Amino acid sequence: MAETSPAPRVPESRHARVEHRITVPSDVSMVELLGLRDEVLRSIEDGFPTVDVHVRGNEVTLAGTPGDVALVTRLVDELVEMAAGGTPLSPDVVARSVVMLTEAADARPADVLTFNILSSRGRTIRPKTAGQKDYVEAIERNTVTFGIGPAGTGKTYLAMAKAVQALQARKVNRIVLTRPAVEAGERLGFLPGSLADKIDPYLRPLYDALHDMVDPESIPRLMEAGTIEVAPLAYMRGRTLNDAFIILDEAQNTSVEQMKMFLTRLGFGSKVVVTGDVTQVDLPSSTTSGLRVVEQILTGVDDVEFCRLTSSDVVRHRLVGEIIDAYARWDRS
């Protein structure tokens, strides 16, 4: 943790400026803290144009209004802790830290952005928002977890990371990935090509996430052995899945009956994650989405948790979050 000078006395005027000095521990590289070509420092300055940031040796001096200086002080402390722990800093890390610090008084970006889920293929998968970290922790402590939120919030990707982690740790013997092929009404016979040709377009997002976390050359072998199974939801009927990590994706496109069918596939030693976005239902208007009503049905059931992700948890282009918010405002109008 960086050393800071005693908190300055805040003048009466809200427009008054204060100065605050932070001493960075000697074991933290200033190059790592400030970023390549000072890109991290520039991101701090761009995010807080009313705060003057000066760096000399291992001292960072902040000057500005009391509120902004206090916020930047917390931000620098968090960045120092991340750098000390070996987490690479970037403008994106700064931006996500600022969002967390401004949304919650007790937020700890260092706790979120250093929370390792899975190390795979030369990189580490971590949550990027506080909501994502809460979601990952819910998966860890519950048998059944629902991740509900808009596109781009990492619902499926993080669930997949937890599934691969569980498989590697031998907590489960296999991973089962499924989603409804609702655009074809799960009646695939009229589509051209082999059965695999008909199914693959609906399951491609699951394959894409899997390829990010498992050596692509090993996937065919794992699938042939049944260690990894990717199948449409209709193929789950009549089965009991023991010692498995089971992910149901695009669950907003299940009917109430299908959701019940899926959840009752749960066997001993298994874990279930259900993901979906209730604002993007593709079912016929006469069909009620199973995801929309399941929380009412399962409220009070032990070992089941519902996690709500929002536009602030979007980890795609910044416009995605703004688009989601704009549609939400339009829906309310």
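Contact here means heavy atoms within 4.5 Å, and that rule lets us place helix α10 across β7 (144-148), β8 (174-179), β10 and β11. The structure is a predicted model, in which local features need pLDDT of at least 70 and side-chain atom pairs count only at pLDDT 80 or more, while totals for chains, interfaces and linings use all residues. Residues are numbered from 1 along each chain as its sequence is written, and side-chain values use heavy atoms, with hydrogens and water left out. Helices (H or I, at least four residues) and strands (E, at least two) are DSSP runs, numbered from the N terminus.

**The open sheet and its helix**

- Six strands form an open sheet in the order β9-β8-β10-β11-β7-β12, with parallel pairing; two strands pair if DSSP finds at least two bridges between them.
- The edges belong to β9 (228-232) and β12 (304-308), each with a single partner strand, so one side of each has no neighbour in the sheet.
- From one strand to the next, the twist averages 15 degrees.
- Within this sheet, β10 (residues 244-248) and β11 (residues 271-276) are joined in the parallel sense by four bridges, and Leu248 stands opposite Val274 in β11.
- Helix α10 runs at about 155 degrees to β11; axes are lines fitted to C-alpha atoms, for helices over the stretch in contact, and angles run from 0 to 180 degrees between N-to-C directions.

**Helix α10 against helix α11**

- Helices α10 (residues 256-263) and α11 (residues 290-298) pack at an angle of about 60 degrees, and their axes are 9 Å apart.
- The two helices are therefore oblique to each other: angles under 35 degrees count as roughly parallel, over 145 as roughly antiparallel, 65 to 115 as roughly perpendicular and the rest as oblique.
- Val256, Met259 and Leu263 of α10 make the contact with Gly290, Leu291, Val293, Val294 and Leu298 of α11.
- By class, those residues are seven nonpolar, one polar and no charged, where Ala, Val, Leu, Ile, Met, Phe, Trp, Tyr, Cys and Pro count as nonpolar, Asp, Glu, Lys and Arg as charged, and the others, Gly among them, as polar.

**Helix α6 against helix α7**

- Here α6 (residues 130-141) and α7 (residues 155-168) pack at about 40 degrees, with axes 10 Å apart, which makes α6 oblique to α7.
- On the α6 side, Gln132, Tyr135, Val136, Ile139 and Glu140 meet Lys155, Leu158, Ala159, Lys162 and Gln165 of α7.
- This contact of α6 with α7 has five nonpolar, two polar and three charged residues.

- Strands β3 (residues 52-56) and β4 (residues 59-64) run antiparallel and are joined by five bridges, with Arg56 opposite Glu59 in β4.
- Two residues lie between the strands of this hairpin, and Gly57 takes a positive phi near 65 degrees.
- Asp52 and Arg17 meet through their side chains in a salt bridge (2.9 Å, N to O).
- That pair links distant parts of the chain, 35 residues apart: Asp52 is in β3, and Arg17 is in the loop between β1 (3-4) and β2 (18-23).
- The count comes to 17 salt bridges, taking one as a side-chain nitrogen of Lys or Arg within 4 Å of a carboxyl oxygen of Asp or Glu.
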